[in-house]
Amino acid sequence: MRRLSRLPALSKRTALRTLPALALCTATHSAWAQAADASSVQIYGLLDAFVGSMKRSDEPGRTKLLGSGGMTTAYWGVRGSESLGGGLQAQFALESFFQTDSGTFGRNSTDPYFSRNAWVGLAGGFGQLSLGRQTNPMFVASGAFNPFGVSLQFSPVMLHTWQPTYNRAVLGDSVWSNAIQYTSPTFAGLRASLLYGMGEVQDREGIRNLNLTLNYAAGPFAAVVSVQRAKTGPGFTATIGRQDAALIGASYDFKAVQLYGQLQRTRTPDIRTTADTAQLGAAVPVGAGRFLASVARTERKVTGSPGTQRTTWALGYDHFLSKRTDLYAVYMRDRLTGFSGSGSVGVGMRHRF
């Protein structure tokens, strides 16, 4: 910004015309500065793209592609907060998924624009209360307790649990619309959250979703318990009206290696199906990166019909060029009952901003 003394001299008439504008700018800047002291807004996001050769065990052919979201589904967002005094804050978040390879918004054609999160809420000593479209804590938990995180391309347990093409065990979306969430403060390492998704079906108040999640973290140890009953969302049909799901997970960081484990169970009574999933994983720090390994096995039982088993394992290396940028390479092997095993491989880049 140039100093006023360096600006060209103004005529008396021009100066008089300029004074109201200058006064308005000064007042606006003063008000903005006062507001900035009590509030903040941030733009952020993540881009992820990979080159791969992909084939599920039950897939007829192989696909070579430049894909999006190898390790994390790409998204961008805006979030902010305003101090209301007395330790109380107003908060909001607007986040949209997009596909890095094509620039298309959303994970698929059915996604709303702000598909990852769209909520407003209050936070303070009591915890946080938020209203709107919000990420399901069970999805967060299943991603936190395996070394490949929330990858829907290369994390075996995430594929078994959340990916429709792998006949996912958990129905409903990883993000719930029309939801109310309360998250407690952390007491002695323990934090609780309750998410209530209003089904908004006329004259059918029982069509709703409910999740309760307890997280614990103390030093190198962390654990989670997440249970939910869902009745609306993707995967629910006229013949499938309810599903109960439960997850327990734990991790321990030995410095030389971090170990992960989780167990999941889903029951879908309308189609008499139970799915049990177990996952074991490890991450070994090496230089500026980590070697990753994980295996997941899902046993699906259907009353009156033969059951199926699916086993998927993955090995990878994630190398950080900086705090924001990493390169990764993964090999994954998948086998479903009645089909031969098949492998997938991918090499990609992820950047946070």
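This is a predicted model: local features need pLDDT of at least 70, side-chain atom pairs count only at pLDDT 80 or more; totals for chains, interfaces and linings use all residues.

Me: Buried or exposed?
Reply: Asp318 counts as buried, because its relative accessibility is 5% and the cut-off for buried is under 20%.

Me: What does the side chain of Asp318 make a polar contact with?
Reply: With the side chain of Arg350, at 3.1 Å. Arg350 is also among the residues that Asp318 touches.

Me: Let's zoom out. What's the secondary structure of the chain?
Reply: Three helices and 17 strands.

Me: How much of the chain is buried?
Reply: Of its 353 residues, 39% count as buried. The accessible surface of the chain is about 19100 Å², and carbon and sulfur atoms account for 62% of that.

Me: What share of the contacts comes from residues 24 or more positions apart?
Reply: 50%, taken over the contacts in the chain with a separation of 6 or more.

Me: Switching to charges. How many salt bridges turn up in the whole structure?
Reply: The search finds 15 salt bridges. One of them pairs the side chains of Arg310 and Asp58, at 2.9 Å from N to O. That pair links distant parts of the chain: Arg310 is in strand E15, while Asp58 is in the loop between strand E1 (39–54) and strand E2 (63–68), and the two are 252 residues apart.

Me: Which of those two is buried, and which is partly exposed?
Reply: Arg310 is buried, with a relative accessible area of 5%. Asp58 counts as partly exposed, at 24%.

Me: What else does Arg310 form a salt bridge with?
Reply: Asp334, with the closest N and O atoms 2.9 Å apart. This pair also links distant parts of the chain, with Arg310 in strand E15 and Asp334 in strand E16 (residues 325–336), 24 residues apart. Asp334 is buried, with a relative accessible area of 1%.

Me: What ring does the charged end of Arg56 sit over?
Reply: The ring of Tyr166, at 5.8 Å from its centre.

Me: New topic: aromatics. How many aromatic pairs does the search find?
Reply: It finds 10 aromatic pairs in the whole structure. Among them, Tyr44 and Tyr75 form an edge-to-face pair, at 6.4 Å centre to centre and with 70° between the planes.

Me: What does the Tyr44 and Tyr75 pair tie together?
Reply: Parts that are 31 residues apart in sequence, because Tyr44 lies in strand E1 and Tyr75 in strand E3 (residues 75–85). Tyr44 is buried, with a relative accessible area of 6%, and Tyr75 is buried too, at 13%.

Me: And why is the pair of Phe105 and Tyr113 called tilted?
Reply: Because the planes of the Phe105 and Tyr113 rings are at 50°, with the centres 5.4 Å apart. Edge-to-face needs over 60 degrees, and stacked needs under 30.

Me: How accessible are Phe105 and Tyr113?
Reply: Phe105 is partly exposed, with a relative accessible area of 41%. Tyr113 counts as partly exposed as well, at 41%.

Me: Which cluster do the ring pairs make there?
Reply: Ring pairs link Trp76, Phe105, Tyr113 and Phe114 into a cluster.

Me: Last one: what lies over the face of Tyr44?
Reply: Arg79, at 3.9 Å from the ring centre.

Terms used:
Residues are numbered from 1 along each chain as its sequence is written. Side-chain values use heavy atoms; hydrogens and water are left out. Buried means under 20% relative accessible area, exposed over 50%, partly exposed in between (1.4 Å probe, protein chains only). A polar contact is a pair of N or O atoms within 3.5 Å; within protein, one must be able to donate a hydrogen and the other to accept it, and residues adjacent in sequence count only if both atoms are side-chain atoms. Contact means heavy atoms within 4.5 Å. A salt bridge is a side-chain nitrogen of Lys or Arg within 4 Å of a carboxyl oxygen of Asp or Glu. Helices (H or I, at least four residues) and strands (E, at least two) are DSSP runs, numbered from the N terminus. Accessible areas come from the Shrake-Rupley method with a 1.4 Å probe; for residues, only the protein chains shown count as cover. Rings of Phe, Tyr and Trp (its six-membered ring) pair if their centres lie within 6.5 Å; planes under 30 degrees apart count as stacked, over 60 as edge-to-face and the rest as tilted. A charge sits over a ring if NZ of Lys or CZ of Arg is within 6 Å of the ring centre and within 35 degrees of the ring normal. Lists of a residue's contacts leave out its neighbours within four places in sequence.
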